[in-house]
Amino acid sequence: MYSDQPRSGNFQPRGPLRGTVRVPGDKSISHRALMLSALAVGESRISGLLEGEDVLATAAAMRAMGAHIERTGEGSWIVHGVGVGGLMQPSGALDMGNSGTSTRLLMGLVASHRLTATFVGDASLSKRPMGRVIDPLSQMGAEFTASPGGMLPLMVRGLVPAVPISYRLPVASAQVKSAVLLAGLNIAGITEVIEPVPTRDHSERMLRGFGAELTVDVNADGTRYIRLMGEAELKPQQIEVPGDPSSAAFFIVAALITPGSEVTVTHVGMNPTRTGIYKMLEAMGADLTYSNRREVGGEPVADITARHSPLRGIEVTPDVAPSMIDEFPVFFVAASMAQGRTITSGLDELRVKESDRLALMATGLTAIGAIVEEREDGLTIEGTGGEPLEGRATVTSALDHRIAMSFAVAGQHCYKTVTVDDVSPIATSFPTFEAILKNLQVQN
C-alpha cells in the first residue's frame, strides 16, 4: 500500500511540452469495475484498469471477501465473482491505504451482507470523515463502530435482511450515492437515492451494464431520482476502462500554461458529469480540440489536444463544482497564470478530501508567488497575465497526490524550481505521472 518513505521532487521549466500520451484508466470506473465484477456470477475481463495503489486496495479487499482476482497483463485483469449476497467474512482488517472511494463504496457493499469488516487506512485517510456514508447505511440497518469524528479505523456490521430506503443526498456526493446503491443490490425492494445536484454517474451506467434493474427520472428542476431494484443478479462483463479525465487534466493544463506547447491525450473519458474542468478551461480561452469521439463500454471517450493559450480569469459558480471537484487543484494553477481574477465558491468539499485542498493550494501558490485569497468555500486568485510565477519554494503535499501533481505542473512555468516535499503519494493514483511529464519535455 502507500509507501511511508517520503521522496521530494523538483520541477522546473524545460521549454515547451510536446507529444501524445495516454493516461491510466479512470480511477472511479476502475474501482467500480472490480467491485461489480466481484458481485457477478462468472468471469469478467477488465482492460485499461488503473493500477495505482488506490485501485489495488479495492482489488485486495474484494479478494479478502472471496472474489478471485488475477492480473494477466498491463491493465488487464480477470475477476471470478461470488454473486450478490456471496461476499465472505474477511480474515483480517481491510487496508484501504489512501483510498476514500474504496472505503466508502465498500462500506456500502458490506452493509447489506452478513459479515463484519474493519477498515483501516494511512494517516491521510484516517483523518477523513465517513459520517456522510454512515448515516444512510445505518438507516438500512448496518451497525458502525468508528473512531472519534466518524473516522478510521472503523468497523461495519452488515445486516441481512437490510432495509431499502429512500435517501435524499444532503450534499452532492457520488461516493455516498454509490454506497447506498451498492448496499441496495442485496436488499429486497427498491432503494432510492434523490440527487438534487447531479454528480458523476459511473455507478448508474455500470450497474445497468451488469444487468441491474435501475431507472433514473429527472424533474424539471434537475433533481434526479435513482431507483434500484434489489436482490439483483449481475452478469459478467468485458469492460474497457477509458482514460481518467482527472489524470489527463494535469497534462492539459501544463500545455496551456507553457509557451510553445502542444500535447494530445488520447482515449480520455468524456462523461458529461466529469468534464467541468474542460468547460471551465474553455471559458478561460483554452485552445482545446476534441477528436476521435466514440463510446467505450457505455462511456463516451475522445482524444484531447491542448495548445498553449492566453487564459483569462473567470467566476466558477457552485453548481459546477461536482463535475470537477477533483480537478480544482490543477485548475487553481491555471488561474494563477491567467489574465485577471478567478473566483471560485461552493468548494467546502475540498476541505475534507485527502487533505484540506483549499488551504494547501492557497499556501503553496502563495509560496511560489501567486496572489491568492482563501475563503471558507473557495479561492480568489489574481493571475499573472501569462507571466511565469517566481517558484523558488518548497510546497507541502500533505500525503495528497493531486496537490503534488498540481505543483509539478506549476513548476513548468515558473522562473525558479518548485520543490514538492513528498511526491510518493502520486503512486496512489498515477504511478507513471513523472515519467510521462519527463517524456513530454524530452521530445522538445
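1. Two rings of Phe, Tyr or Trp (for Trp, the six-membered ring) are taken as an aromatic pair if their centres lie within 6.5 Å. In this predicted model, the count under that rule comes to 6 aromatic pairs. One of them joins F251 and F430 in an edge-to-face arrangement, with 5.8 Å from centre to centre and 85 degrees between the planes. The two partners belong to distant parts of the chain, 179 residues apart: F251 sits in helix 7 (residues 245–257), and F430 in the loop between strand 23 (418–420) and helix 12 (433–442).

2. The surroundings of this pair deserve a remark. F251 counts as buried because its relative accessibility is 1%, and F430 is likewise buried, at a relative accessible area of 0%; the cut-off for this class is under 20%. Both residues belong to one aromatic cluster, formed by F250, F251, F430 and F433.

3. The largest pocket holds about 790 Å³ of space. Its lining comprises 45 residues, of which A172, S173, I325, E349 and K353 are the closest to the pocket centre. Helix 1 (27–39), helix 3 (100–111), helix 4 (131–139) and helix 5 (174–184) are the elements that each supply two or more lining residues. Helix 1 makes the greatest contribution, with 4 residues. By class, the lining has 17 nonpolar, 12 polar and 16 charged residues.

4. The second largest pocket has a volume of about 340 Å³. Among the 19 residues that line this pocket, P24, G25, L49, E74 and G75 are the closest to its centre. The lining divides into 8 nonpolar, 8 polar and 3 charged residues.

5. Residues D26, I29, H202, P242, G243, P245, G269, M270, N271, R274, E299 and P300 line the largest cavity. By class, this lining has 5 nonpolar, 4 polar and 3 charged residues.

6. Strand 10 runs parallel to strand 11 (residues 190–195), and 3 bridges join the two. S166 has E192, in strand 11, as its bridge partner.

Methods
Residues are numbered from 1 along each chain as its sequence is written. This is a predicted model: local features need pLDDT of at least 70, side-chain atom pairs count only at pLDDT 80 or more; totals for chains, interfaces and linings use all residues. Side-chain values use heavy atoms; hydrogens and water are left out. On a 1 Å grid over the protein atoms alone, a cavity is a set of points where a 1.4 Å probe fits but cannot get out, and a pocket is an open set with protein on both sides within 12 Å along at least five of seven lines; lining residues have an atom within 4 Å of a point. Ala, Val, Leu, Ile, Met, Phe, Trp, Tyr, Cys and Pro count as nonpolar, Asp, Glu, Lys and Arg as charged, and the others, Gly among them, as polar. Rings of Phe, Tyr and Trp (its six-membered ring) pair if their centres lie within 6.5 Å; planes under 30 degrees apart count as stacked, over 60 as edge-to-face and the rest as tilted. Buried means under 20% relative accessible area, exposed over 50%, partly exposed in between (1.4 Å probe, protein chains only). Two strands pair if DSSP finds at least two bridges between them. Grid points are joined across faces, edges and corners, and a volume is the space filled by probe spheres set on the points.
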